[in-house]
Amino acid sequence: MSEEMILRHCSPTLAGMKTGSLFNCPCPDRQKLLCAVKELNRKLVPKGVRVIPLRTTKNKMLLYIYRPQKLKDDLSVSGAARLLQKYGYSVECTGKCVVQLGKRLCEQKDFPHEIGLFLGYPLEDVQGFIEHHAEGYKCVGCWKVYGDEEHARREFRRYQKCTDAYCYLWRQGESLEDLTVSGLSLIHISEPTRRVVI
């Protein structure tokens with residue numbers, strides 16, 4: 001698992017802009033990858049970020065990088081909690097919800113539709129995706145938008161700027177650990193420079 005791969009898929013989460021990110025990582029050696037995940041957690045947990053393997057297949061592992069406190073806040077919203085309860089989640093415990101998501105991912109061929117809540121997508125868009133069976137959306141970027149299109153497009157642009165800036169800074173010698181923002185501070189990155197404004 002390369003740092004570049006993590007940055008390409010997870011920079012907005014590392015920057016504190018987004019609750020969570022998912023990506024498939026090549027997994028020729030399961031034990032070696034689990035050791036890499038353990039080492040990554042050693043560096044990132046003190047900054048408020050966790051890495052969890054959610055599903056393993058023959059040659060890849062689906063990794064979930066997230067901010068537990070931000071996820072707890074997201075899932076405590078009444079509409080989100082009701083939606084998750086509908087699918088059998090124990091909403092009183094965020095950690096249990098992540099475990100249950102992993103189980104649902106292993107049991108189903110496709111991604112469970114509620115997964116958007118674990119990634120920080122707007123509740124309105126997650127519900128729209130479920131109700132409209134992924135059809136009739138207003139626009140698509142990181143997710144399919146059924147609600148506030150203007151806000152979503154702004155977020156998509158922010159996430160892309162963040163990813164570009166983080167990849168640039170990493171190529172300039174910054175480490176993944178140094179690029180990970182502590183706590184829940186949201187950041188704004190105007191250009192790919194060494195300066196990140198919190």
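Analyst: A polar atom in the side chain of Asn41 lies 2.7 Å from the backbone nitrogen of Val51. This is a polar contact (a pair of N or O atoms within 3.5 Å; within protein, one must be able to donate a hydrogen and the other to accept it, and residues adjacent in sequence count only if both atoms are side-chain atoms). The model is predicted: local features need pLDDT of at least 70 and side-chain atom pairs count only at pLDDT 80 or more, while totals for chains, interfaces and linings use all residues. Residues are numbered from 1 along each chain as its sequence is written, and side-chain values use heavy atoms, with hydrogens and water left out.

Asn41 lies in helix α2, which covers residues 30-44. Helices (H or I, at least four residues) and strands (E, at least two) are DSSP runs, numbered from the N terminus. With a relative accessibility of 17%, Asn41 counts as buried; the classes are buried under 20% relative accessible area, exposed over 50%, and partly exposed in between (1.4 Å probe, protein chains only). Leaving out residues up to four places away in sequence, Asn41 touches Pro46, Val49, Arg50 and Val51, where contact means heavy atoms within 4.5 Å.

Lys43 is also placed in α2. Its relative accessible area is 26%, so Lys43 is partly exposed. Lys43 and Leu176 are 133 residues apart along the chain, and their C-alpha atoms are separated by 9.1 Å.

Helix α2 leads on to α1. The buried residues of α1 pack against α2, and also against β1 (20-26), β3 (60-66), α8 and α9. Those buried residues are Ile6, Leu7, Cys10, Ser11, Pro12, Thr13 and Leu14. A straight helix of twelve residues would span 16 Å at 1.5 Å a residue, but α1 spans only 12 Å between its end C-alpha atoms. The expected span is 1.5 Å times one less than the number of residues. Just after α1 comes Gly16, with a positive phi of about 85°.

Arg8, in α1, has a relative accessible area of 42% and is therefore partly exposed. Apart from neighbours within four places in sequence, Arg8 is in contact with Thr163, Cys167 and Arg171. Arg8 and Asp164 are 156 residues apart in sequence, while their C-alpha atoms are 8.3 Å apart in space.

These contacts lead to α8. Helix α8 (residues 149-171) has 23 residues, which should span 33 Å at 1.5 Å a residue; its end C-alpha atoms are 33 Å apart, so the two values agree. At the N-terminal end, Asp148 caps α8, with a side-chain oxygen 3.3 Å from the backbone nitrogen of Glu150. After the helix comes Gly173, whose phi is positive, near 115°.

The buried residues of α8 include Phe156, Tyr159, Thr163 and Cys167. As a group, the buried residues of α8 pack against α1 (3-14), β4 (139-140), β5 (144-145) and α9 (176-179). Phe156 and Tyr159 also belong to a cluster linked by ring pairs, together with Tyr121 and Trp143. Rings of Phe, Tyr and Trp (its six-membered ring) pair if their centres lie within 6.5 Å; planes under 30 degrees apart count as stacked, over 60 as edge-to-face and the rest as tilted. By this rule there are six aromatic pairs.

Phi of His133 is near 55°, a positive value in a residue other than glycine. At 65% relative accessibility, His133 counts as exposed. Ala134 has its place in the loop between α7 and β4 too. Its phi is near 65°, again positive in a residue other than glycine. Ala134, however, is buried, with a relative accessible area of 16%.

Last, the confidence values. pLDDT is the predictor's confidence in each residue, from 0 to 100. The protein chain has a mean pLDDT of 90, and 92% of its residues reach 70 or more. Over residues 184-198 pLDDT stays under 50, and for this stretch the model has 35 contacts beyond four places in sequence.
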